[in-house]
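Hi,

Here is the structure I promised to pass on.

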Amino acid sequence: MPPERSALRVQPFLDSGAQARLRGWLDGYRPLAGVPDELVRPDGTTPEAWLRFLGALAAFPSGEFEDRFALATRHIRDSGVSHRIYGDDTERTWPLSPLPLILGEDEWARIAAGVEQRATLLEAVLNDVYGEGKLVAEGRLPAAAVTGSADFVRALRGVPPSGGRHMHLYAADLGRGPDGRWWVLDDRAQAPSGAGYALENRMVLSRAFPNLFNAMNVQRLAPFFSDFRAGLAASAHRSDPRICLLTPGPFSETYFEQAHLARYLGLLLVEGDDLVVRDGQAYIRTIAGLKRADVIWRRVDADFIDPLEMNSASQLGVPGLFEAIRAGGVVVSNMPGSGLIESRALLGFLPALSNHLLGEPLKLPNVATWWCGQPAERRIVEQQINSLAIARAFTGPGHPALARGPRMMSDLTPAEQADLRAAMNLRPLDFVGQEVVRLSTTPAWRDGALQPSPFVLRVYAAATPDGWKIMPGGFCRVSDQRDARAISMGEGAQATDVWVLSDQPVESISLLAHRDNVKVRRIMGHLPSRAADNLFWLGRYLERAEATLRLVRSLSTSLMDSDAALHASGETLCRLQALLIDWGAIDKEAGSRKVTEAACSALHDEAAYGSVVSLIRSARRTASSMRERLSEDFWKLLLNLESRLRNRQNDVLTEAESLARAEAALQTLATLSGLTQENMNRVAGWRFLDMGRRIERGVNTCRIVRQLAGPDATLDDLDLLLDLVDSQITYRSRYLEGIALTPVRDLTILDPFNPRSVAFQVETLKTHLAALPTLQDDGMPEEPSRQLIRLASLVETEDAAALGVPEILTFEQMLMTLSNAVSDRYFLQGSNATPTKKQGGLA
Amino acid sequence: MIYELRHLTTYHYGKPVSFARCSLRLAPRLGPDQSVTDSELTITPTPARQESHIGPFGEVVLTATIETPHRELKILARSRVNVHRPLLPRPLNGPAWDAVRDQAFATTRLDVGSPAHFLYPTPMTALQPAITAYAAASFPPGRPVLEAAFDLTCRIRADFAYDPKSTEVSTPAIQAFEARRGVCQDFAHIMISGLRGLGLPAAYVSGYLRTIPAPGKARLEGADATHAWVNLWCGEALGWVGFDPTNGLVVAGDHIILAVGRDYADVAPIGGVVLGPGGQTIDVAVDVIPLEEQALRIG
């Protein structure tokens, strides 16, 4: 009979209901035979930390902890924490387990020491392979075990690593073996991912169980990230360096994580196009011209990072970046080529290399591995072929049977076995044999019960001037399968937080820098051209969506109004529908159908590029590539709006329903606009967002006025126009005589006091352009300003009585030209690729 | 044999290009059996900045940045090369190919000539069971490596049709293999893929081949072309030996090496030229002039 696993002894304060719940969970928990488990020790006892944690969960009334967790999870979903599967357009939500992996201080100290030693060892190996090459020359590492890696970057051999080291961030995937010891399963050095998810997991769990989190002395993650950032900064030549995170872009599987880290660490999130190399240095294209990039933390694989010297088909990289590295003009981290040490072929050599390079054995063993490129090792693998796992020796495509990770021969079909044996015979150097590691289990919450689940723990090490720092925690994945030899995020795994407990109460620390070290600044550097571009278009999409919603609202109201005879006169309705057709909200066919259907299409038809749902989707896509610049509230509202508008095109709406939907969507847009007005710093980014909005509003107003306030406009037309441009009240309070053509045109186009008029947009645009940086210091206006000044003088001097449709069309066209001029001047394809011109001389 | 080489590449753009960055691998490679006495590169318009470094396989790489607006980019490489590669003694034999393979796996060299660099597949020379099987027919266990490789060289020449229209510069080996046609680049890729499939270290060589004008005819200016063939590492004693599957030859004095890499992508003479917004056309003119011939012409 196993020793009693009594929770009651250590949790005397639990009430009887809680005790019953806890007992139920523990009694229902059945560890797998012969597999170590975090919750149940081999002697049958449960660690005290787990009892405290589960006891606290049990202390919540039945179901409440799940509710709390569900709430926190919903928070994640709403803020769009998700990881994207390649090729998917919609982001997939990312599963998080409510139960953390709990590790005690002593055990953690051993793990941390092992990971630190391994990081030191691997850095030394990289240093040698890319430097002196003694390990190969002395026969300690076969040359062919090095050259098989696609990440052996020959172009950087003999080049001192930029920033003095190859790795600033290293991660090890650990598993706990049958004997309870920790093993290294894999090394991650190319661009280790998951640290941002660890941070996010922590946010969710500490939100769901705040008291518990503090009471258990869980060690904080923030100091680690602060150290990591300091390490990157210290590698640069300048004292206040500009640090970028180079992302493959929003289609990357871990883009969210990258955006999140960039925001958390205060790095500039850039794509390859944002950077340019000139004279051996890297620059960021900003709206103020080229600005030095001192450190590039890359999440782009080495093969794609410089199309001139690596994969020439790459669109993700920066041409000439290697030249800049060789010239010492930029720190790229991890140094391209670090991914070399991810090869399994190297694993078998590390125990000996540790003794040789560090003079001590590995503190954390790695999985016993035999590289078949050597005759003796090949024989060992052949002799034990049925008891070993066979794996690819190097990352890359490899044999199809092994594409998804190491396999046992017995798990393959006879045909696959024969094929694999033949391939191993022809090219043994592509394969390794590995001891099979069975992973230990940790409890996961599934179907209302605790269930043992195999897990892999990723631990991170950051290089700092004071040596390696290990993140007290990590990114843990638990499998939903009972027998896990390989775990992929893509296949039903959950992520969990990792709690490293401290014996002492933990001080509350966040990423607050020491007061004396912080230089006060009010502007966060220069706005990158890409961000300016995206913000501008986000502004335009949102404004266009708003205008379309106003049209839909008017369309629906016209049918419901008791005064229908007045409002819904055939001609006015036709003009309204013509406007919707004109900007692509509905197609011609829908325009000829019933009005209710037209309203429904304009809201929900995903095939029409100008429908509200399409515009909001475009806005969301644009926003998704600059998540680090938008507040969480903004993003949540936008996602929420899109999901409310989607998949509704088949509903047949009554006019009341379309009205209600349009009203609700307009309210959300108003909130979004309020958020940007109230919460966004009045720096360049906000100006571009607002400029997009202003240009779009000006253009839309011109169009609506041309359509509804032409020479033959009816009273109905003008009435509707005032509705659409939200100027009904202003007009009526100002002109008691009733609606007339000239005052309506004046109010909507020329009146600089009406925030909906074209004149007001032009005035606002002038302020924005004047506040933006210029490329030249010769005092001459740049092209956008030149055009805007011309437009403003026309608008300001126009006489209301003389204002006709041709003049309004001219304003509209000039606004469109201005939009192009803004894009030519400030955005990526524009002239900002040239360095800032200095005239020199004294003023 | 001393050669005078002239390799002119001209890009014509539909619209002016204001910025171009390119990397050029156009300086013939020095080697034990080839010396370069003179080599120069002229780019028009003149680059704002030039930098040169030694590339991963020992080649001189010149990177140039051009900031002058231009509609035509001319890259002229001229050099004088002395090729003194001896003929291999016949009959062709050498060590057993399987022994060569084990030597390559065990090499402790990582210099540019090390066989270790040339053992693994690349995107253009991916391992393909069909190509490996094709190559394996020439490599029964224990066969002397030179004999086996020459047999494969001759089989490729016999089995494949020379057809410049069938493939492009980016065509991977398997596509030309299945079509049974292609140009020198494709034949080299096929042979390399096959040899590496067997575990042998094989390299892609780009260069020039001396053409002999028809009797009584003068050599046509600019009519020569770049060529490609295969280097196979044949063990520590023999080192690298060239095989030309396009012509069914063992490489000797008529082949001038420009660069050596794992596949075409490693040695592409010109990389990274910006595509012009208005489309572009490229002209390449190559002259390979044996020096005694030039002396005759001058005389």
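Predicted model: local features only at pLDDT ≥ 70, side-chain atom pairs only at ≥ 80, totals over all residues.

Residues are numbered from 1 along each chain as its sequence is written, and chains are lettered from A and ligands numbered from 1 in the order in which they are written.

Chain B has seven helices and 15 strands (DSSP runs: H or I of at least four residues, E of at least two, numbered from the N terminus). Its C-alpha atoms fill a box of roughly 60 × 45 × 40 Å along the principal axes. Buried residues (20 or more other C-beta atoms within 10 Å of their own, with C-beta atoms placed from the backbone) make up 43% of the 299 residues in chain B.

Chain B splits into domain 1 (2-83 + 268-298) and domain 2 (97-266), with bounds from an automatic or database domain assignment. Their contact (C-beta atoms, placed from the backbone, within 7 Å) takes 19 residues from domain 1 and 20 residues from domain 2. On the domain 1 side, E15(B) gives the most, with five residues.

Over in chain A, eight of the 11 residues of helix H10 (residues 255-265) are buried, so H10(A) is largely enclosed by the rest of the structure. Among them are A:Tyr255, A:Phe256 and A:His260. Just after H10(A), A:Gly266 takes a positive phi of about 70°.

Cheers

Definitions and conventions:
Buried ≥ 20, exposed ≤ 12 C-beta atoms within 10 Å, placed from the backbone. Contact = placed C-beta atoms within 7 Å.
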